[in-house]
Amino acid sequence: MVNAYGGVIIVADVLLLFLKIIFYLFESIYRFFVPAEEKSVAGEIVLVTGAGHGIGRELAVRYASLGATVVCWDINQEGNEETANEIKKQGAARSFAYKCDVSSRDEVLETAEKVREEVGNVTILVNNAGIMPCHSFLTHTPEEIRKLVDVNLMSHFWMLQAFLPSMIEKNHGHVVALSSMAGIVGLPNLVPYCATKYAVRGIMDSICEEIRQISPNKINNIKFTTIYPYMVDTGLCKKPKSRFPNLLALVKPHEAADQIISAQRRNQMEITIPSYWLTVSTFVRTLPYKAILQVIDFVDSGVEAES
Ligand SMILES: NC(=O)c1ccc[n+]([C@@H]2O[C@H](COP(=O)([O-])OP(=O)(O)OC[C@H]3O[C@@H](n4cnc5c(N)ncnc54)[C@H](O)[C@@H]3O)[C@@H](O)[C@H]2O)c1
Ligand SMILES: *[C@@H]1O[C@H](CO)[C@@H](O)[C@H](O)[C@H]1NC(C)=O
(Lines give C-alpha, C1' and ligand atoms only; values in the text may rest on other atoms or scores of the structure.)
(Ligands and ions follow the chains in the order given, each with its own letter.)
Protein backbone atom coordinates (compact mmCIF):
# COMPACT_ATOMS: atom_id res chain seq x y z
CA MET A 1 0.00 0.00 0.00
CA VAL A 2 2.84 2.33 0.88
CA ASN A 3 4.30 1.84 -2.60
CA ALA A 4 1.03 2.59 -4.34
CA TYR A 5 0.67 5.71 -2.21
CA GLY A 6 4.26 6.74 -3.10
CA GLY A 7 3.43 6.19 -6.76
CA VAL A 8 0.40 8.47 -6.59
CA ILE A 9 2.52 11.18 -5.00
CA ILE A 10 5.09 10.98 -7.79
CA VAL A 11 2.44 11.11 -10.51
CA ALA A 12 0.88 14.12 -8.80
CA ASP A 13 4.31 15.77 -8.50
CA VAL A 14 5.04 15.21 -12.18
CA LEU A 15 1.68 16.68 -13.15
CA LEU A 16 2.29 19.65 -10.91
CA LEU A 17 5.75 20.11 -12.38
CA PHE A 18 4.33 20.20 -15.91
CA LEU A 19 1.67 22.70 -14.89
CA LYS A 20 4.31 24.93 -13.34
CA ILE A 21 6.52 24.69 -16.42
CA ILE A 22 3.59 25.64 -18.64
CA PHE A 23 2.70 28.51 -16.30
CA TYR A 24 6.22 29.94 -16.45
CA LEU A 25 6.42 29.45 -20.22
CA PHE A 26 3.31 31.58 -20.59
CA GLU A 27 4.67 34.05 -18.08
CA SER A 28 7.84 34.45 -20.11
CA ILE A 29 5.88 34.96 -23.31
CA TYR A 30 3.80 37.59 -21.50
CA ARG A 31 7.00 39.20 -20.18
CA PHE A 32 8.38 39.36 -23.71
CA PHE A 33 5.56 41.76 -24.59
CA VAL A 34 5.09 43.38 -21.19
CA PRO A 35 8.52 43.61 -19.54
CA ALA A 36 8.68 43.48 -15.74
CA GLU A 37 8.70 46.83 -13.99
CA GLU A 38 12.12 48.25 -13.16
CA LYS A 39 12.72 48.22 -9.41
CA SER A 40 13.97 51.44 -7.83
CA VAL A 41 17.65 51.79 -7.01
CA ALA A 42 17.25 55.03 -5.06
CA GLY A 43 18.91 54.71 -1.68
CA GLU A 44 20.88 51.61 -2.67
CA ILE A 45 24.65 51.58 -2.33
CA VAL A 46 26.10 50.58 -5.69
CA LEU A 47 29.74 49.58 -6.07
CA VAL A 48 31.15 49.53 -9.61
CA THR A 49 34.63 48.12 -10.29
CA GLY A 50 36.49 49.58 -13.24
CA ALA A 51 34.46 52.78 -12.86
CA GLY A 52 37.27 54.94 -14.22
CA HIS A 53 36.54 54.33 -17.90
CA GLY A 54 34.19 52.84 -20.46
CA ILE A 55 31.15 50.82 -19.42
CA GLY A 56 31.99 51.13 -15.70
CA ARG A 57 32.02 54.92 -15.85
CA GLU A 58 28.68 55.05 -17.68
CA LEU A 59 27.17 52.63 -15.15
CA ALA A 60 28.38 54.72 -12.20
CA VAL A 61 27.03 57.97 -13.64
CA ARG A 62 23.69 56.47 -14.56
CA TYR A 63 23.17 54.72 -11.22
CA ALA A 64 23.86 58.06 -9.54
CA SER A 65 21.29 59.79 -11.74
CA LEU A 66 18.76 57.20 -10.50
CA GLY A 67 19.38 58.26 -6.91
CA ALA A 68 21.83 55.57 -5.78
CA THR A 69 24.92 56.21 -3.70
CA VAL A 70 27.77 55.17 -5.96
CA VAL A 71 31.12 53.75 -4.89
CA CYS A 72 33.68 53.81 -7.70
CA TRP A 73 36.63 51.43 -7.67
CA ASP A 74 39.45 51.47 -10.18
CA ILE A 75 43.16 50.84 -10.33
CA ASN A 76 43.42 54.09 -12.29
CA GLN A 77 42.89 56.77 -9.66
CA GLU A 78 42.70 59.67 -12.09
CA GLY A 79 39.95 58.19 -14.27
CA ASN A 80 38.10 57.03 -11.19
CA GLU A 81 38.07 60.49 -9.62
CA GLU A 82 36.91 62.00 -12.89
CA THR A 83 33.92 59.67 -12.74
CA ALA A 84 33.16 60.56 -9.13
CA ASN A 85 33.43 64.28 -9.96
CA GLU A 86 31.14 63.90 -12.94
CA ILE A 87 28.57 62.42 -10.55
CA LYS A 88 29.02 65.26 -8.07
CA LYS A 89 28.49 67.80 -10.87
CA GLN A 90 25.11 66.16 -11.59
CA GLY A 91 23.96 67.24 -8.15
CA ALA A 92 22.14 65.30 -5.50
CA ALA A 93 23.73 61.86 -5.55
CA ARG A 94 26.60 60.87 -3.26
CA SER A 95 29.70 59.34 -4.83
CA PHE A 96 32.93 57.93 -3.48
CA ALA A 97 36.14 56.98 -5.27
CA TYR A 98 38.58 54.33 -4.05
CA LYS A 99 41.76 53.19 -5.74
CA CYS A 100 41.80 49.41 -5.67
CA ASP A 101 43.41 46.68 -7.73
CA VAL A 102 40.65 44.07 -7.76
CA SER A 103 43.10 41.31 -8.64
CA SER A 104 44.66 41.62 -5.18
CA ARG A 105 42.66 39.81 -2.49
CA ASP A 106 44.28 41.87 0.27
CA GLU A 107 43.46 45.16 -1.41
CA VAL A 108 39.88 44.08 -2.07
CA LEU A 109 39.28 43.08 1.55
CA GLU A 110 40.96 46.22 2.93
CA THR A 111 39.11 48.59 0.61
CA ALA A 112 35.84 46.78 1.28
CA GLU A 113 36.33 47.40 5.00
CA LYS A 114 36.92 51.12 4.34
CA VAL A 115 33.74 51.28 2.26
CA ARG A 116 31.74 49.62 5.05
CA GLU A 117 33.00 52.21 7.54
CA GLU A 118 32.82 55.30 5.35
CA VAL A 119 29.78 54.59 3.18
CA GLY A 120 27.85 51.58 4.49
CA ASN A 121 26.93 48.11 3.27
CA VAL A 122 26.99 47.69 -0.49
CA THR A 123 23.64 46.39 -1.78
CA ILE A 124 24.38 46.33 -5.51
CA LEU A 125 27.75 45.02 -6.63
CA VAL A 126 28.82 45.42 -10.26
CA ASN A 127 31.90 43.36 -11.12
CA ASN A 128 32.91 45.15 -14.28
CA ALA A 129 36.70 45.70 -14.25
CA GLY A 130 38.47 43.71 -16.92
CA ILE A 131 41.34 43.66 -19.39
CA MET A 132 41.58 42.18 -22.86
CA PRO A 133 45.00 41.61 -24.41
CA CYS A 134 44.38 40.32 -27.87
CA HIS A 135 46.82 38.11 -29.77
CA SER A 136 47.39 34.46 -30.64
CA PHE A 137 47.61 32.03 -27.76
CA LEU A 138 51.24 30.96 -28.16
CA THR A 139 52.37 34.60 -28.07
CA HIS A 140 50.81 35.15 -24.60
CA THR A 141 53.48 35.25 -21.89
CA PRO A 142 52.89 33.35 -18.63
CA GLU A 143 52.76 36.68 -16.74
CA GLU A 144 50.09 38.00 -19.07
CA ILE A 145 47.98 34.86 -18.71
CA ARG A 146 48.21 34.98 -14.90
CA LYS A 147 47.33 38.67 -14.85
CA LEU A 148 44.30 38.09 -17.06
CA VAL A 149 43.08 35.35 -14.76
CA ASP A 150 43.71 37.48 -11.65
CA VAL A 151 41.91 40.58 -12.99
CA ASN A 152 39.08 39.01 -14.96
CA LEU A 153 38.36 35.93 -12.85
CA MET A 154 39.92 35.80 -9.37
CA SER A 155 38.62 39.31 -8.61
CA HIS A 156 35.06 37.94 -8.75
CA PHE A 157 35.81 35.49 -5.93
CA TRP A 158 37.35 38.18 -3.72
CA MET A 159 34.57 40.68 -4.37
CA LEU A 160 31.85 38.12 -3.65
CA GLN A 161 33.53 36.99 -0.44
CA ALA A 162 33.84 40.61 0.65
CA PHE A 163 30.30 41.73 -0.12
CA LEU A 164 27.95 38.73 -0.07
CA PRO A 165 27.87 38.25 3.73
CA SER A 166 26.00 41.48 4.49
CA MET A 167 23.63 40.82 1.56
CA ILE A 168 22.92 37.31 2.90
CA GLU A 169 22.33 38.65 6.39
CA LYS A 170 19.60 40.97 5.10
CA ASN A 171 18.48 38.68 2.27
CA HIS A 172 18.70 41.76 0.07
CA GLY A 173 21.14 42.59 -2.69
CA HIS A 174 22.13 42.25 -6.30
CA VAL A 175 25.31 41.12 -8.03
CA VAL A 176 25.96 42.06 -11.65
CA ALA A 177 28.90 40.58 -13.56
CA LEU A 178 30.35 41.50 -16.92
CA SER A 179 31.10 38.38 -18.90
CA SER A 180 31.16 38.72 -22.70
CA MET A 181 29.94 37.01 -25.86
CA ALA A 182 33.51 35.65 -25.57
CA GLY A 183 32.12 33.80 -22.53
CA ILE A 184 29.63 31.94 -24.76
CA VAL A 185 31.59 31.52 -28.00
CA GLY A 186 35.31 30.76 -28.28
CA LEU A 187 37.23 33.35 -30.32
CA PRO A 188 40.70 33.39 -31.90
CA ASN A 189 43.28 35.76 -30.37
CA LEU A 190 41.35 35.68 -27.10
CA VAL A 191 42.06 32.23 -25.66
CA PRO A 192 42.88 33.21 -22.04
CA TYR A 193 40.32 36.04 -22.13
CA CYS A 194 37.58 33.65 -23.28
CA ALA A 195 38.58 31.23 -20.51
CA THR A 196 38.06 33.95 -17.88
CA LYS A 197 34.73 35.03 -19.34
CA TYR A 198 33.41 31.45 -19.55
CA ALA A 199 34.49 31.10 -15.92
CA VAL A 200 32.55 34.21 -14.88
CA ARG A 201 29.45 32.53 -16.28
CA GLY A 202 30.24 29.47 -14.15
CA ILE A 203 30.62 31.56 -11.01
CA MET A 204 27.39 33.45 -11.54
CA ASP A 205 25.25 30.43 -12.42
CA SER A 206 26.48 28.42 -9.45
CA ILE A 207 26.55 31.13 -6.76
CA CYS A 208 23.01 32.11 -7.75
CA GLU A 209 21.82 28.53 -7.25
CA GLU A 210 23.77 28.10 -4.01
CA ILE A 211 22.27 31.26 -2.51
CA ARG A 212 18.77 30.26 -3.63
CA GLN A 213 19.07 26.93 -1.87
CA ILE A 214 20.22 28.44 1.43
CA SER A 215 17.63 31.23 1.37
CA PRO A 216 14.65 31.02 3.72
CA ASN A 217 11.98 28.99 1.86
CA LYS A 218 14.19 29.31 -1.23
CA ILE A 219 12.91 32.88 -1.56
CA ASN A 220 16.08 34.48 -2.69
CA ASN A 221 16.11 38.25 -2.56
CA ILE A 222 19.71 38.39 -3.65
CA LYS A 223 19.56 38.60 -7.41
CA PHE A 224 22.23 37.81 -9.96
CA THR A 225 22.57 39.27 -13.44
CA THR A 226 25.22 38.25 -15.95
CA ILE A 227 25.94 40.47 -18.95
CA TYR A 228 27.27 39.18 -22.24
CA PRO A 229 28.18 42.15 -24.44
CA TYR A 230 29.36 41.66 -28.00
CA MET A 231 31.44 44.75 -28.82
CA VAL A 232 31.18 48.04 -27.02
CA ASP A 233 32.94 51.15 -28.26
CA THR A 234 35.27 51.80 -25.29
CA GLY A 235 38.64 51.17 -26.90
CA LEU A 236 38.99 47.84 -25.08
CA CYS A 237 38.54 46.04 -28.35
CA LYS A 238 41.35 47.48 -30.46
CA LYS A 239 40.90 45.81 -33.81
CA PRO A 240 37.36 44.56 -34.33
CA LYS A 241 36.67 42.99 -37.70
CA SER A 242 33.24 42.44 -39.08
CA ARG A 243 31.86 41.34 -42.42
CA PHE A 244 28.65 43.23 -41.62
CA PRO A 245 29.80 46.42 -39.89
CA ASN A 246 26.33 47.95 -40.09
CA LEU A 247 24.49 44.98 -38.67
CA LEU A 248 27.12 44.27 -36.02
CA ALA A 249 27.95 47.88 -35.16
CA LEU A 250 29.84 48.67 -31.97
CA VAL A 251 27.43 49.61 -29.20
CA LYS A 252 27.98 52.96 -27.46
CA PRO A 253 29.06 52.62 -23.81
CA HIS A 254 26.09 54.63 -22.50
CA GLU A 255 23.69 52.39 -24.44
CA ALA A 256 25.35 49.31 -22.98
CA ALA A 257 25.05 50.83 -19.49
CA ASP A 258 21.34 51.56 -20.04
CA GLN A 259 20.70 47.95 -21.02
CA ILE A 260 22.74 46.59 -18.11
CA ILE A 261 20.91 48.71 -15.53
CA SER A 262 17.55 47.92 -17.04
CA ALA A 263 18.33 44.16 -16.85
CA GLN A 264 19.47 44.54 -13.25
CA ARG A 265 16.36 46.47 -12.25
CA ARG A 266 14.14 43.83 -13.88
CA ASN A 267 16.02 41.00 -12.11
CA GLN A 268 16.96 39.40 -15.42
CA MET A 269 19.31 36.48 -14.97
CA GLU A 270 21.26 37.11 -18.18
CA ILE A 271 21.28 39.40 -21.17
CA THR A 272 23.40 39.76 -24.26
CA ILE A 273 24.12 43.16 -25.80
CA PRO A 274 22.62 43.46 -28.37
CA SER A 275 19.81 41.32 -26.98
CA TYR A 276 19.24 39.20 -30.11
CA TRP A 277 22.59 37.44 -29.61
CA LEU A 278 21.13 35.32 -26.81
CA THR A 279 18.51 33.84 -29.14
CA VAL A 280 20.95 33.52 -32.04
CA SER A 281 23.66 31.82 -29.97
CA THR A 282 21.20 29.48 -28.25
CA PHE A 283 19.84 28.43 -31.63
CA VAL A 284 23.23 28.04 -33.29
CA ARG A 285 24.43 25.83 -30.42
CA THR A 286 21.76 23.27 -31.21
CA LEU A 287 23.17 22.83 -34.73
CA PRO A 288 25.71 20.13 -35.63
CA TYR A 289 29.32 21.28 -35.30
CA LYS A 290 30.00 21.38 -39.05
CA ALA A 291 26.94 23.55 -39.56
CA ILE A 292 28.13 25.88 -36.79
CA LEU A 293 31.44 26.29 -38.64
CA GLN A 294 29.54 27.38 -41.74
CA VAL A 295 27.80 30.08 -39.71
CA ILE A 296 31.11 31.25 -38.19
CA ASP A 297 32.74 31.49 -41.63
CA PHE A 298 29.71 33.29 -43.04
CA VAL A 299 29.59 35.92 -40.27
CA ASP A 300 33.42 36.24 -40.31
CA SER A 301 33.59 38.65 -37.36
CA GLY A 302 35.81 38.86 -34.33
CA VAL A 303 38.99 40.61 -33.27
CA GLU A 304 42.33 40.77 -34.98
CA ALA A 305 45.60 40.49 -33.12
CA GLU A 306 47.03 43.74 -31.79
CA SER A 307 50.40 44.54 -33.25
N1 LIG B 1 34.19 46.80 -24.66
C2 LIG B 1 33.76 45.64 -25.12
O3 LIG B 1 33.65 45.45 -26.33
C4 LIG B 1 33.38 44.53 -24.17
C5 LIG B 1 32.73 43.41 -24.70
C6 LIG B 1 32.39 42.38 -23.83
C7 LIG B 1 32.70 42.47 -22.48
N8 LIG B 1 33.32 43.56 -21.99
C9 LIG B 1 33.66 43.59 -20.57
O10 LIG B 1 33.13 44.75 -19.96
C11 LIG B 1 33.96 45.17 -18.90
C12 LIG B 1 34.29 46.65 -19.04
O13 LIG B 1 34.94 46.85 -20.28
P14 LIG B 1 35.24 48.29 -20.90
O15 LIG B 1 35.15 48.12 -22.37
O16 LIG B 1 34.43 49.32 -20.23
O17 LIG B 1 36.79 48.43 -20.51
P18 LIG B 1 37.66 49.78 -20.28
O19 LIG B 1 39.07 49.37 -20.56
O20 LIG B 1 37.08 50.92 -21.00
O21 LIG B 1 37.49 50.03 -18.72
C22 LIG B 1 37.91 49.08 -17.79
C23 LIG B 1 38.27 49.78 -16.48
O24 LIG B 1 38.71 48.76 -15.57
C25 LIG B 1 39.85 49.23 -14.88
N26 LIG B 1 40.70 48.13 -14.41
C27 LIG B 1 41.51 47.34 -15.15
N28 LIG B 1 42.17 46.48 -14.36
C29 LIG B 1 41.77 46.73 -13.09
C30 LIG B 1 42.12 46.20 -11.82
N31 LIG B 1 43.03 45.21 -11.71
N32 LIG B 1 41.52 46.70 -10.72
C33 LIG B 1 40.61 47.70 -10.82
N34 LIG B 1 40.27 48.26 -11.98
C35 LIG B 1 40.84 47.79 -13.12
C36 LIG B 1 40.58 50.08 -15.91
O37 LIG B 1 41.46 51.00 -15.28
C38 LIG B 1 39.41 50.78 -16.62
O39 LIG B 1 39.08 51.99 -16.00
C40 LIG B 1 35.18 44.26 -18.92
O41 LIG B 1 35.04 43.24 -17.97
C42 LIG B 1 35.15 43.69 -20.32
O43 LIG B 1 35.78 42.43 -20.39
C44 LIG B 1 33.65 44.60 -22.81
C1 LIG C 1 26.36 46.37 7.73
O2 LIG C 1 26.07 45.00 7.89
C3 LIG C 1 26.53 44.46 9.11
C4 LIG C 1 26.22 42.99 9.10
O5 LIG C 1 26.70 42.36 7.97
C6 LIG C 1 25.89 45.18 10.29
O7 LIG C 1 26.42 44.68 11.49
C8 LIG C 1 26.15 46.67 10.18
O9 LIG C 1 25.45 47.36 11.20
C10 LIG C 1 25.72 47.20 8.82
N11 LIG C 1 26.10 48.59 8.69
C12 LIG C 1 25.26 49.53 8.34
C13 LIG C 1 25.81 50.92 8.26
O14 LIG C 1 24.08 49.31 8.07
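How accessible is Asn267, and what is its relative accessible area?

Modeller: Happy to! This is a predicted model, in which local features need pLDDT of at least 70, side-chain atom pairs count only at pLDDT 80 or more, and totals for chains, interfaces and linings use all residues. Residues are numbered from 1 along each chain as its sequence is written, chains are lettered from A and ligands numbered from 1 in the order in which they are written, and side-chain values use heavy atoms, leaving out hydrogens and water.

Asn267 is partly exposed, with a relative accessible area of 35%; buried means under 20%, exposed over 50%, and partly exposed in between, with a 1.4 Å probe and protein chains only. Its phi is near 55°, a positive value in a residue other than glycine. Most residues other than glycine have a negative phi.

Asn267 belongs to the loop between α7 (253–265) and β8. Helices (H or I, at least four residues) and strands (E, at least two) are DSSP runs, numbered from the N terminus. Strand β8 (270–273) is an edge strand, as is β3 (95–99), in an open sheet of seven strands ordered β3-β2-β1-β4-β5-β6-β8 with parallel pairing; two strands pair if DSSP finds at least two bridges between them.

Pro274 lies in the loop between β8 and α8 (276–285).

For comparison, Asn189 also has a positive phi, about 70°, but is buried, at 17% relative accessible area. Asn189 is found in the loop between β5 and α6 (191–214).
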